[in-house]
Amino acid sequence: MSTDTASRRQERIDRGIKVRTAGLYALMSWREVSYLVLPRLVLIVGMLGLPMMMPGMYWKRVISIVCIYALLALVFDFLAHFVGLVSLGGAFFVGTGGYLSALLNTKLGLAPLICVPAATLLGGALCTLLLLPCLPLRGVYFAIVTLMYPLFLARVIEALNILGGTDGIMGIDSFPNAWIEQYLVIVLALLIVFGLRRLVNTDFGLVLRAVKDNDQAVKASAMNITYYKALAVWIAASIGCLAGACLVHIYMWAGISTFALDFSVLPIAATVIGGSGTLVGPLLGCLILVPVSELLRDFGTLRIVFYSLILLGFIVFRSEGLMVFGQRKYHQFERWTSI
Amino acid sequence: MTGEPILQVRDVTKTFGGIIALNRVSFDVFEGEILGIIGPNGSGKTTIVNCITGFVKASSGHVLFRGKDITGQPPHKIADLGVTRTFQIMRPYYSLPAYKNLVIPLFSPRARRTGGWRGGGRLGDRNTVGIDILEEIGFERDSYVPYKVTSSLPTGYLKRLELARCLALKPELIICDEVFSGLSMSEIASMVPLIERLQMDGITLIMIEHRLRELFQVAHRVMVLDFGQKLVEGSAEEVMADPRVREAYFGSEKVEEVMTHA
């Protein structure tokens, strides 16, 4: 072996440099075009085809839940990696969006397809407003406040017995038909993945990344960082509320459990597994974690033990996340050369 | 001094708990000049920069920019008026390529209004304008340096990047907090004409420095701070001749040595 490595060595080549540096070159050959398009196509076709591969109603529903969690994981990844705000607010956003959509539907009698966008906009604005006081601060405060609100709101609903109390709001309309119910969340998840990936590379997205990198320098650049943080939180909260609104119309019920901390914690685990900072990784992480958690239901109380072991395995052996690892392997290839 | 006072600092005091960092400091900066501020470590040089630019709030006293009171305004509002600063410990965006560092200030309302450095009221493509500014500040345009990730750049370029961020805002006043420190002699030698050129282009500069020889080359007037108080203000020769400065700043023998080198 030693004589072997003396005469040759392994070199690593970055395959994607040409395609990724100059846009026009990418159109010069089918190979380059397919190099760019293929991974995206696999994701889109795969996501759209997924419900058809599922054996029954139960697993089709699981796919919808995957997408709901994927939206929340995207929110976490966007805020943590591109704005520098660690958010534990999944439950806060889902609960707010869910209850708003439920109220608009049951009290005002609006159709679900109107309730969902309305709850998205209203919820996003409401959550941003409630989170505004901690935005000028740096550090752990945002995480604490986003964790505090869902607990607070759930207890308020329980104690005052408002908004249906512990029974929740029942009799919420479902989406007009099964196709819309199934594909709305899938299409939304895909649109938001690609939309956010585009957003973080615009000049506006660059400012958000700069706030994460060095907020003092952004202040010295004559920009109000609280304003940019608020805009980012508004985008994130809207996406989270959208997830919540879709959830209550799928379950036709909104209750205190929409404020459950699962919605805060699972997206973070999914982001870690999928690869943070890629915005596709979180989606991939949810595609693994949510079905695994369903499969483990047969184990009863041992479910959490197995679940934790799987998480631990990922953290020990692939701490960078699947997508970061996958992207590197896709863009680079190794070969032996003689010296 | 010729020209109007562009910045007036009036009795600014800053206390951190029981420590008096600045004690009733007053001075004027005139349009188009370069004012040097020197003083031993801990004499309050950076604190005065922070008080002017709003990064800390002065305990009492006033700062007037073009006659308008800017005391207590947030940093981004003060920067929006054209009062910009560099940081002694460089604060670039390490994860971005060098030229993308300038896209951020060029995205600000002030840059859109003014067009950035040499923009003349119209802002072009932010990436191109960013690279133009980097070229003017000493980045080799046709090399890969402007495109490198900022974390891989040496100190000399990072100090220039600090200045470039100010230029992107089309500043009226730049407060340089030790832009020469940590640089080699040849790097400083190439920075000095750059500073002179900025002054010639009509920018007023305040330079906080420990490198006295280079500072005295460019500064029109020098102010000395010691223990948060203003000791003297005047030309380099006047300041160096002052016995209080000798005692407080240099120690009595060192003065001759510095003066002969200057």
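A residue counts as buried here if 20 or more other C-beta atoms lie within 10 Å of its own. With that in hand, welcome to a set of close-up views of a predicted model.

Figure 1. Helix α7 of chain B, residues 185-200, carries Ile195(B). Setting aside neighbours within four places in sequence, Ile195(B) has contacts with Leu205(B) and Val218(B). For a sense of distance, look also for Lys148(B): 47 residues separate Ile195(B) from Lys148(B) in sequence, and their C-alpha atoms are 25 Å apart in space.

**Figure 2. Chain A as a whole, before we zoom in on its helices.** Chain A is built with 15 helices and four strands. Its radius of gyration is 22 Å, close to the 20 Å that the globule rule gives for 339 residues, so chain A is as compact as a globular protein of that length. The C-alpha trace of chain A spans about 80 × 55 × 40 Å along its principal axes. Of the 339 residues in chain A, 41% are buried. Taking the contacts in chain A between residues at least 6 apart in sequence, 74% link residues at least 24 apart.

**Figure 3. Helices α4 and α11 of chain A, packed roughly antiparallel.** Here α4 (residues 57-83) meets α11 (residues 225-251) at an angle of about 170°, and the two axes are 9 Å apart. An angle over 145 degrees counts as roughly antiparallel, and α4(A) and α11(A) are therefore placed in that group. On the α4(A) side, the contact residues include Ile68(A), Leu72(A), Val75(A), Phe78(A) and Leu79(A). Facing them on α11(A) are residues including Lys229(A), Ala236(A), Ile239(A), Gly240(A) and Cys246(A). Sorted by class, this contact has 16 nonpolar, two polar and one charged residues.

**Figure 4. Helices α5 and α7 of chain A, an oblique pair.** The axes of α5 (residues 90-108) and α7 (residues 141-160) are 7 Å apart and form an angle of about 40°. That angle makes α5(A) oblique to α7(A). The crossing of α5(A) with α7(A) is left-handed. Which residues make the contact? From α5(A) come Ala91(A), Phe92(A) and Gly95(A), while α7(A) supplies Thr146(A), Tyr149(A), Pro150(A) and Leu153(A). Five of these residues are nonpolar and two are polar, with no charged ones.

**Figure 5. Two residues with positive phi, one in each chain.** Start with Asn161(A), which is not a glycine and yet has a positive phi of about 55°. Asn161(A) sits in the loop between α7 and β2 (169-170) of chain A. Is Asn161(A) buried or exposed? Asn161(A) counts as exposed, because there are 10 C-beta neighbours inside 10 Å. Over in chain B, Arg66(B) is another residue other than glycine with a positive phi, near 50°. The loop between β4 (60-65) and β5 (68-69) of chain B holds Arg66(B). Arg66(B) has 16 other C-beta atoms within 10 Å and is partly exposed.

**Figure 6. The contact of chain A with chain B.** Chain B gives 23 residues to this contact and chain A gives 16. On the chain B side, the elements that give two or more residues are α2 (75-80), β6 (83-85), α3 (100-106) and α4 (109-114). The residues of chain B that touch chain A comprise twelve nonpolar, four polar and seven charged.

Notes: Residues numbered from 1 in each chain as written. Chains lettered and ligands numbered in written order. Predicted model: local features only at pLDDT ≥ 70, side-chain atom pairs only at ≥ 80, totals over all residues. Axes fitted to C-alpha atoms, helices over the stretch in contact; angles between N-to-C directions. Parallel < 35°, antiparallel > 145°, perpendicular 65-115°, else oblique. Left-handed = near helix turned anticlockwise from the far one by under 90°. Contact = placed C-beta atoms within 7 Å. Nonpolar A, V, L, I, M, F, W, Y, C, P; charged D, E, K, R; others polar. Rg over C-alpha atoms; globule rule 2.2 N^0.38 Å. Buried ≥ 20, exposed ≤ 12 C-beta atoms within 10 Å, placed from the backbone.
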